[in-house]
There are 2 protein chains.
Amino acid sequence: MTYERENIQKITGYTPGEQPDSLTVIKLNTNENPYPPSEAVMRTLRNMKAEVLRRYPPPNAQEFCGVAAQMHGVKPENIIATNGGDELLRLAMTTFVDPLQSIGYAEPSYSLYPVLAEINNSPVVRIPLNENWSLPQDFAEQLNKEDVKLAFIVNPHAPSGYLTDVATLARMAETFKGVLLIDEAYVDFVDPDLHYNSMQLLERYDNVLILRSLSKGYSLAGLRYGYGIGNKSIIEPMLTKTKDSYNVDAISQHLALAALNDRETAAKTWRAVRTERQRLINHLKEIGFVCTDSQANFLLATVPDNLRGGAKFIYESLKRNDIFVRYFDAGRLRGSLRISIGKPDENDVLLKALRKLV
Amino acid sequence: MTYERENIQKITGYTPGEQPDSLTVIKLNTNENPYPPSEAVMRTLRNMKAEVLRRYPPPNAQEFCGVAAQMHGVKPENIIATNGGDELLRLAMTTFVDPLQSIGYAEPSYSLYPVLAEINNSPVVRIPLNENWSLPQDFAEQLNKEDVKLAFIVNPHAPSGYLTDVATLARMAETFKGVLLIDEAYVDFVDPDLHYNSMQLLERYDNVLILRSLSKGYSLAGLRYGYGIGNKSIIEPMLTKTKDSYNVDAISQHLALAALNDRETAAKTWRAVRTERQRLINHLKEIGFVCTDSQANFLLATVPDNLRGGAKFIYESLKRNDIFVRYFDAGRLRGSLRISIGKPDENDVLLKALRKLV
C-alpha cells in the first residue's frame with residue numbers, strides 16, 4: 001500500500017539535468033561556471049578544523065550574513081542563508097502560500113517552480129512571456145486577478161538570458177499584491193555597463209524577495225549555497241520558523257564566506273564568460289542559429305528551420321560526441337538548445353561539431 | 001504588513017541548544033560526540049578537488065547509499081541521504097501528512113516534532129510516556145484512535161536515554177496504521193550486548209522509516225548528514241518527489257562516505273562514551289542524583305529534592321562556570337538536567353563543580 005498524500009501520489013517530481021560521470025565530456029548543459037572556484041575557497045577547505053565538523057554549525061550563518069549584507073548595502077537581518085537557492089524557493093512557498101492558494105510565473109521558466117507548487121498542493125498560474133522573452137505589461141495585474149500569493153521572476157531569465165530592467169521590476173512589485181521572488185541565480189554574469197541593481201527595490205517594496213546563489217557566479221554548484229535578501233518581515237519568518245534548524249552546514253558557511261571575500265577572483269570569471277558569450281553568439285549566428293542577447297552564463301540558440309531533425313537531432317548528435325547541451329521537449333522551446341558558456345577551447349569544440357552538423 | 005500564512009504567523013519556531021562561541025567552555029548541552037571525526041574524514045576533506053565543488057553534486061548521493069545499504073543489509077533503493085536527520089523528519093511530514101491530518105509521538109520528546117507539525121498545519125497527538133520512560137502498551141492504538149498519519153519514536157529516547165526493544169517496536173509497527181518513524185539519532189551508543197537491530201522490522205513492515213544521523217555517532221554535527229532507511233514505497237516518493245533536487249552537497253557526500261568506510265574509528269568513540277556514561281552515572285548517584293540507565297551519549301539526571309533552587313539553579317550555576325548542560329523548562333523534565341557525555345577530563349570538571357554545588 002502507499003502512505004503518500006494524495007497530491008504527492010499524483011506528481012512526478014523534478015528531473016535534474018544530466019550529470020555524466022565522466023570528467024572528460026564537454027558539459028554545457030547545467031550552467032555551471034566553467035572556471036574553478038577561487039584558491040581562497042580551496043585553502044579554507046584544506047584548513048578546516050576537525051572541531052568545526054564535530055560541533056553543530058551556527059544555526060543562522062550569522063558571519064556569512066554580515067558579509068553578504070555589507071556587500072549588498074543591507075542589514076544582516078535582511079539576509080537568510082540557504083542550502084542552495086532551491087531551499088529558498090521552497091521556504092518561500094512554505095511560508096507565504098497556503099495549500100490551494102496559487103503561485104504564478106511567466107512561462108517558460110525554471111521547471112522546479114511547478115514541482116514545488118504541486119508538493120504544496122498549490123495551483124499554478126502560467127503567464128506566457130512575450131515573443132522577445134520580456135514580461136507581459138500586465139503581468140502583475142494578471143497575477144492579482146488570479147489571487148496569486150507568490151510569484152517568481154527569474155532575472156536574467158532562464159533559458160533565454162533576457163534581462164528585465166529594474167524599473168519594470170519596480171512596477172511589478174508596486175502592483176502585485178503577493179510576494180515577488182526575483183530569482184537572480186545568474187545575475188553575476190550581467191554586463192556591468194547595464195547598471196542593473198535590484199537592491200534599491202527593497203527600500204520601497206516590502207514584498208520583494210531576491211534570491212542569490214553561489215552555484216554559478218562563484219563556481220560552487222557542488223556546495224549548495226544560496227541566500228535570500230528582503231525586508232525583515234519577509235526574511236524573519238523563514239529564518240526563525242520554517243527553515244530546518246541547521247539548514248546550512250559548517251563547511252559551506254566557511255567556504256561561502258571565503259568566496260564572497262574573494263569576489264574579485266569570481267569577477268574575473270564573469271568577465272571571461274561575458275567575452276566568450278559574445279564570441280559564441282557571433283559564431284552561432286554565422287552558422288545560421290538565431291540567438292537572443294543573453295545576460296546569463298548560457299544562451300538560447302534556435303535551430304535553423306531547414307535543419308533535418310531540428311534541435312532534438314542536434315542535441316542527440318552532440319551527446320554522441322560527448323558534448324552535453326540542454327534540450328527542452330516542451331512548448332516554444334522545442335526548436336532551441338540552451339548552451340552553457342564554456343571555456344574558449346570547449347566552445348571551439350562545440351562550434352566545430354555544430355559546423356559539421358549544419 | 002505580513003505575507004505569512006496564518007498558521008505560520010501563530011508559531012514561534014524551534015530553539016536550538018545554546019552554541020557558545022568560545023572553544024574553551026565545557027559543552028555538554030547539545031549531545032555532540034566529544035571525540036573528533038576520523039582522520040580519514042579529514043584527509044578526504046583536505047584532498048577535495050575544486051572540480052567537485054564547481055559541478056552539481058550527484059542528486060541522490062548514490063555512492064553513499066550503496067555503502068550505507070551494504071552496512072545495514074538492505075538495498076540502495078532503501079536509503080535516502082538527507083541534509084541532517086532534520087530534513088528526513090520534514091520530508092516525512094511533507095510526503096505522508098496532509099495539512100489538518102495529525103502526527104503523534106510520546107511525550108516528552110524532540111521539540112522539533114511539534115514545530116514541523118505547526119508548519120504543516122497538522123494537529124499533534126501527545127501521549128505521555130510511562131514513569132520509567134517506556135512507551136505505553138497501547139501507544140499504537142491511541143495513535144490509531146486519533147487517526148494519526150505519522151508517528152515518531154526516538155530510540156534510544158531523548159532526553160532519558162531509554163531504549164525500546166525491537167519486539168515492542170514490531171508490535172507498534174504491526175498495529176499502527178500510519179508511517180512509524182524510528183528516530184535512531186543516538187543508536188550508535190547502544191550497548192552491543194543488547195543486540196538491538198531494528199533493520200529486521202523492514203522485512204515485515206512497509207510502514208517503518210528509520211532515521212540515522214552522522215552528527216553524533218560519527219562526530220559530524222557540523223556536516224549536516226543523515227539518512228533514512230525504509231521500504232522502497234516509503235523512500236522513493238521522498239527521493240524522487242519531495243526532497244530538494246540537490247539536497248546533500250558534494251563535500252558532505254564524500255565525507256559521509258569516508259566516515260562510514262572508517263566505522264571502526266567511530267566505534268572506538270562509542271565504546272569510550274559508554275565507559276564514561278557508566279562512570280558518570282555511578283558518580284552522579286553517589287552525589288545524590290537519580291539517573292536512569294541511558295543507552296545514548298547523554299543521561300538524564302534528576303536533581304535531589306532537598307536542593308535549593310533545583311535543576312534550574314544547578315544549570316545556571318554550571319553555566320557561570322563555563323559548563324553548559326541542558327535544562328528543559330517544561331513538564332516532568334523541570335527537575336532534571338540532560339548532560340551530554342564528555343571526555344573523561346570534562347566529566348571530571350563537571351563532577352567537581354556538582355560536588356561543590358550539592
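Analyst: At 26% relative accessibility, B:Lys149 is partly exposed in this predicted model. Its side chain forms a salt bridge with that of B:Asp147, at 3.4 Å from N to O. B:Asp147 is also classed as partly exposed, because its relative accessibility of 49% lies between the 20% and 50% limits.

Elsewhere in chain B, the side chains of B:Asp86 and B:Arg224 pair at 3.9 Å, N to O, which counts as a salt bridge because the cut-off is 4 Å. This pair ties together distant parts of the chain, 138 residues apart. B:Asp86 sits in helix H5 (residues 85–96), while B:Arg224 lies in the loop between strand S7 (208–213) and strand S8 (226–230). Both partners fall under the 20% limit and are therefore buried: B:Asp86 has a relative accessible area of 8%, and B:Arg224 has 3%.

In chain A, A:Lys27 and A:Glu32 make a salt bridge at 3.2 Å, N to O, and both of these residues are buried. A:Glu51, A:Arg54 and A:Arg55 are joined into one network by salt bridges that share partners. Over all chains, the search finds 38 salt bridges.

Six salt bridges cross the interface of chain A and chain B. One bridge joins the side chains of A:Arg90 and B:Asp244, with 2.9 Å between N and O. The two chains also have 38 residue pairs in polar contact, counting residues at pLDDT 80 or more. On the side of chain A that touches chain B, helices supplying at least two residues each include H2 (39–46), H3 (50–54) and H5 (85–96). That side divides into 40 nonpolar, 23 polar and 21 charged residues.

The contact draws 84 residues from chain A and 84 residues from chain B. Together the chains bury about 6,500 Å², with 55% of that area on carbon and sulfur atoms. In chain A, the residues that lose the most area to chain B are A:Tyr3, A:Arg54 and A:Tyr56, together 13% of what that side buries.

As for the arrangement of the copies, chain A superposes on chain B by a rotation of 180° with 0.0 Å of shift along the axis, at an RMSD of 0.0 Å. This is the relation of a two-fold axis. The C-alpha of chain A nearest that axis belongs to A:Arg46, 2.2 Å away. The same surface serves both copies, with 100% of the contact residues of chain A recurring in chain B.

Terms used
Residues are numbered from 1 along each chain as its sequence is written. Chains are lettered from A and ligands numbered from 1 in the order in which they are written. This is a predicted model: local features need pLDDT of at least 70, side-chain atom pairs count only at pLDDT 80 or more; totals for chains, interfaces and linings use all residues. Side-chain values use heavy atoms; hydrogens and water are left out. Copies are superposed by least squares on the C-alpha atoms of residues with pLDDT of at least 70 in both. Contact means heavy atoms within 4.5 Å. Buried area is the accessible area (1.4 Å probe) that two parts lose on being put together, summed over both. A polar contact is a pair of N or O atoms within 3.5 Å; within protein, one must be able to donate a hydrogen and the other to accept it, and residues adjacent in sequence count only if both atoms are side-chain atoms. Helices (H or I, at least four residues) and strands (E, at least two) are DSSP runs, numbered from the N terminus. Ala, Val, Leu, Ile, Met, Phe, Trp, Tyr, Cys and Pro count as nonpolar, Asp, Glu, Lys and Arg as charged, and the others, Gly among them, as polar. Buried means under 20% relative accessible area, exposed over 50%, partly exposed in between (1.4 Å probe, protein chains only).
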